[in-house]
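Please look over the sequence and the model shown here before reading on.

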Amino acid sequence: MSDDDVKSADSSGNKIQKMQTPNGIHDILPKDHEFFTFIKKVARHRFRQAGFRRITTPVIEHTEVFQRGVGEDTDIVSKEMYTFEDRSGRSLTLKPEGTAGAVRAYIQHGMKEWPQPVELYYIEPHFRYDRPQKGRYRMFWQIGAEIIGESDPALDVQCIFIAYKMFKDLGIDKRISLQINNIGSQKSREKYREALLNYYSGKERSLCDDCRRRLSSNPLRLLDCKVEDCQILARLAPQFADYRTPEDQAFHDLVKSFLDELGIVYTENPQLVRGLDYYTQTVFEFWDSEVGSQNAVGGGGRYDGLVELMGGSETPAVGFALGIERLINQMKAANVNVPSKDEVHVFVAQLGDEAKKKCLRIIDNLREAGIRTVGALGKGSMKAQLRLADKFQVPYCLILGATEVRDGVILVRDMAKGQQHPVPMTEIVPEMIRLLGEDKLDRYSPGEIFN
Ligand code: HAM
């Protein structure tokens, strides 16, 4: 333990280790929650508009869900999962991504009897034991969507279009470049796999350890290795486009023509294969247009074989996910200001027991009217309370002492002007609404959701 790890001592003089979040795992503090809230609102709105319904799969699943779903040889499964045994010795894993769990739920709950396709979305934390750096965390949040039960290429484009709409809503569409590729069906990839094996034969020594391993398990993955020497070889490797069947090509051409129809600009990227094994046909990623593949903002694609692989019947599907932290980084880089609902409107300062008693009801009445109100219900002096009101940066402070209680009034202090005027207690709510403006009120009625 270094001195840095030791913060203080307890009452018996024992040193206490400084408590911190684990490496790569962070708190979401109130300021970032303003971004989170805004992004989630945009996502919910766009998904609802398109007929998606929300699903939450558990944070923990049986390890096989990911081994089978994502693929044993992927980095995610082989190196990055948080896996542990429960007390009965069963292997469980914190979910590293959302698709495998959604497909498990589709099968488990017989969703193939629902109207098809089933359109689901989720906003969830995920966990990957990756090397932490800016934009890459061990616990991160994704917005994801899965369309299960339909093979039409229009749905691949629908996924891309919804993501694109969100980028626009978030003010970052100009910063994002869409990369697309078509990697064919499992079957049509066999010939290409052979071509890749031939190409890499004799070049094994120039490959990184991971690629040498992947050569036997999934040679396609060699194409998107980030190691420079591997990238040089990948650029010269045979291209899948030359091995695509006419059906795959027709599918890809339709995807592109739908994107053109919607005016969505894309870059065809023959190297793009994605890091999860379940993909077939369309794959896509959203990159920072300047930075490129590092820290992609999102990605997805078609996964027509996954439902069957996980024990269901043959069912086509497509989906995508966006990383919320990466969206926030983009919004910050674009200087996007999110609306904040955290500002407090009114601070209530009081002195004496009688005043405090009156304040309890007044604070409640103000809050019920939609006025965000903080009451200093502690024992501080009036001066200390006013200093606190200043720190909250409230536009108005209400002051109530023994004299005001006796006279049935409250002093309303305009903090910017430093002026105050008395208002009868019975009039305080309408007066504050008048001063703040109806449009500033934070009104919420749970009843609204039933209408
Ligand atoms: P993915 O590309 O692994 O795809 O992750 C999607 C997005 O999650 C990434 O583009 C990135 O924004 C974010 N992300 C991933 N790892 C991290 C990390 N360590 N730190 C911060 N953000 C991260 C999937 O997960 C697929 N399930 C997407 C999908 C849904 N495909 C079909 N349906």
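Among contacts in the protein between residues at least 6 apart in sequence, 69% join residues that are at least 24 apart, where contact means heavy atoms within 4.5 Å. The model is a predicted one, in which local features need pLDDT of at least 70 and side-chain atom pairs count only at pLDDT 80 or more, while totals for chains, interfaces and linings use all residues. Residues are numbered from 1 along each chain as its sequence is written, and side-chain values use heavy atoms, with hydrogens and water left out.

**The chain as a whole**

The protein has 15 helices and 18 strands, the helices (H or I, at least four residues) and strands (E, at least two) being DSSP runs numbered from the N terminus. Its radius of gyration is 28 Å, whereas a compact globule of 451 residues would have a value near 22 Å; the radius is taken over C-alpha atoms, and the globule rule is 2.2 Å times the number of residues to the power 0.38. Taken along the principal axes, the box filled by the C-alpha atoms is roughly 95 × 60 × 45 Å.

Of the 451 residues in the protein, 47% are buried, where buried means under 20% relative accessible area, exposed means over 50%, and partly exposed lies in between (1.4 Å probe, protein chains only). The accessible surface comes to about 23,800 Å², and 50% of that surface belongs to carbon and sulfur atoms; such areas come from the Shrake-Rupley method with a 1.4 Å probe, and for residues only the protein chains shown count as cover.

**Charged side chains**

The protein has 62 positive and 65 negative side chains, and the centres of the two sets lie 5 Å apart. In this count Lys and Arg are positive and Asp and Glu negative, with His and the chain ends not counted, and the place of a charge is taken as NZ of Lys, CZ of Arg, CG of Asp or CD of Glu.

Side chains of opposite charge can pair when their charged atoms come close. A salt bridge is defined as a side-chain nitrogen of Lys or Arg within 4 Å of a carboxyl oxygen of Asp or Glu, and by this rule the count comes to 27 salt bridges. The table gives some examples.

| Salt bridge | N to O distance |
|---|---|
| Lys 79 and Asp 75 | 3.8 Å |
| Lys 174 and Asp 173 | 3.7 Å |
| Glu 268 and Lys 256 | 2.8 Å |

How far apart in sequence are the parts that Glu 268 and Lys 256 tie together? Glu 268 lies in strand β10 (residues 266–268) and Lys 256 in helix α9 (residues 246–261), so the pair ties together parts that are 12 residues apart in sequence. Glu 268 is partly exposed, with a relative accessible area of 37%, whereas Lys 256 counts as buried at 14%.

Lys 79 and Asp 75 are four residues apart in helix α3 (residues 75–79), which means that they are separated by about one helical turn. Lys 79 is partly exposed, with a relative accessible area of 40%, while Asp 75 is buried at 19%. Both residues also belong to a network of salt bridges that links Asp 75, Lys 79, Asp 210, Arg 213 and Arg 214. In the remaining pair of the table, Lys 174 counts as exposed at 74% relative accessibility, whereas Asp 173 is buried, with a relative accessible area of 18%.

**Backbone features and a glycine**

The peptide bond from Gln 116 to Pro 117 is cis, with omega near -5°, and Pro 117 has its place in the loop between α4 (99–108) and β7 (118–127).

Gln 281 is a residue other than glycine with a positive phi, near 55°; it lies in strand β11 (residues 280–288) and counts as buried at 10% relative accessibility. Gln 393 likewise has a positive phi near 55°, but its place is in the loop between α13 (382–392) and β16 (396–400), and at 69% relative accessibility Gln 393 counts as exposed.

Gly 401 is found in the loop between β16 and α14 (402–407), where it counts as buried at 9% relative accessibility. Leaving aside its neighbours within four places in sequence, Gly 401 is in contact with Leu 351 and Ala 355. The C-alpha atoms of Gly 401 and Arg 367, which are 34 residues apart along the chain, are separated by 21 Å.
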